[in-house]
Amino acid sequence: MNLDNLARIDLNLLVILKVLLEEQSVTRAASRLHISQSALSKSLNRLRETLDDPLFQRTAHGLKPTAHALNLGQKLPNILQDLYQLTQPPTFNPTSSNRQFSFAMVESAYETLIPYFIGPLLNSAPNIKLDSYVWTEKSMQDLQQGQIDFGISGRDLHPLADPRMDKLPEGIACQTLFTDEQVCLVREDHPLMAAFTSAQWNLPLYLDMAHVQVRCEGSDWWALDYFLADLGHRRKISTTVPDFYGAASVCAHSDLIFTLPSSFARHACQLYPLKLLPLPFEFMPMAYVLLWHQRNDEDQGHKWIRETICQSVAKLFTPAEML
């Protein structure tokens, strides 16, 4: 390591490079960093000189990173996280900490989980700040890049898959909070209730009914739909909505069926005149999991947050096998 060369590097430039790689626009990057475009352009020129690479090429659609810039972009989150850790005390004291943590959660977790762990977190650490966001198709990337600290998402537990490794990007760690199953919601006086009580509730009848679906992570299909497709079946999805509350309301005021995790279904039954029915066929269970990046494994603040969440959730549900 050449310490003389390293001493000449302005570490602030690494932050600017990371934001430029994420935004690929001088205008958006300057706005996000709260500096002028002129100041950002000067910093970019210094980066180019320091790293001996053009880093970006201007195109009609913004800045296009060079191969060297893309390679640096894969290393920057870990580098910046390590630098951030150098500024943190070696221990974490919840009562005095004013650190900020961010979460991205699937919508169904907000009502079934977050009310129960936010209290314990803030009661023990009254000065920390917790920012929460809805889990989207970009949230896993945000975890990898350090844009968010934690994710809470649902994962289907395929019997042939290792839940610790299946489809998890490199560097992402997870721990099961609790397991759940898919169930159906129908309005209280739905015609299906007679079929259920007379033991005529079956797969053909399920497929014959019209369904309401929640669009999750930008997709109109869930794992259930791919499972049925493999069997040569397809649900009649009449309405697709962006959130669980909307789907529950539609279900309560129509003959549409809503298939969803049982934890949110029980909550919906308290808000709307709905009845819960089991799926009329066998389908794999799911798990709600806590996600984080392995770079934060030994961060004392992160460890305390993870432990508090897991302990709080364990009091609500039958403890699941931890991954």
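This is a predicted model: local features need pLDDT of at least 70, side-chain atom pairs count only at pLDDT 80 or more; totals for chains, interfaces and linings use all residues.
Taking a disulfide as a pair of cysteine sulfur atoms within 2.5 Å, the count is zero. For Cys184, the nearest cysteine sulfur belongs to Cys251, 9.2 Å away. Cys310 is in no disulfide either, with the sulfur of Cys174 the nearest at 11 Å. Cys310 counts as buried too, at 12% relative accessibility.

**View 1. The largest nonpolar core.** A nonpolar core here is a set of buried Ala, Val, Leu, Ile, Met, Phe, Trp, Tyr and Cys residues joined through side-chain atoms within 4.5 Å. The largest one has 38 residues, and Leu113, Phe117, Leu177, Leu291, Ile305 and Ile309 have the most contacts inside it. Elements that each supply at least two of its residues include α7 (114–124), β6 (172–180) and α14 (300–314). Strand β12 gives the most, seven residues. Another core lies apart from this one: it has 20 residues, among them Leu20, Ala30, Leu44 and Phe56.

View 2. Helices (H or I, at least four residues) and strands (E, at least two) are DSSP runs, numbered from the N terminus. Five of the seven residues of β5 are buried, so the strand is largely enclosed by the rest of the structure. Strands pair if DSSP finds at least two bridges between them. With β3, β5 pairs in the parallel sense over three bridges, and Phe103 stands opposite Phe150 in β5. With β12, β5 runs antiparallel, joined by six bridges; here Gly151 stands opposite Leu291 in β12.

**View 3. The buried face of helix α11.** Look along residues 223–230 and you'll find Leu224, Asp225 and Leu228 buried. Seen down the axis of α11, the buried residues fall within an arc of 100 degrees, so they line one face of the helix (the arc is that of the directions from the helix axis to the C-beta atoms). Their cover includes α10, β8, β9 and β10, with contact meaning heavy atoms within 4.5 Å. After α11 comes Gly232, with a positive phi near 85 degrees.

Methods. Residues are numbered from 1 along each chain as its sequence is written. Side-chain values use heavy atoms; hydrogens and water are left out. Buried means under 20% relative accessible area, exposed over 50%, partly exposed in between (1.4 Å probe, protein chains only).
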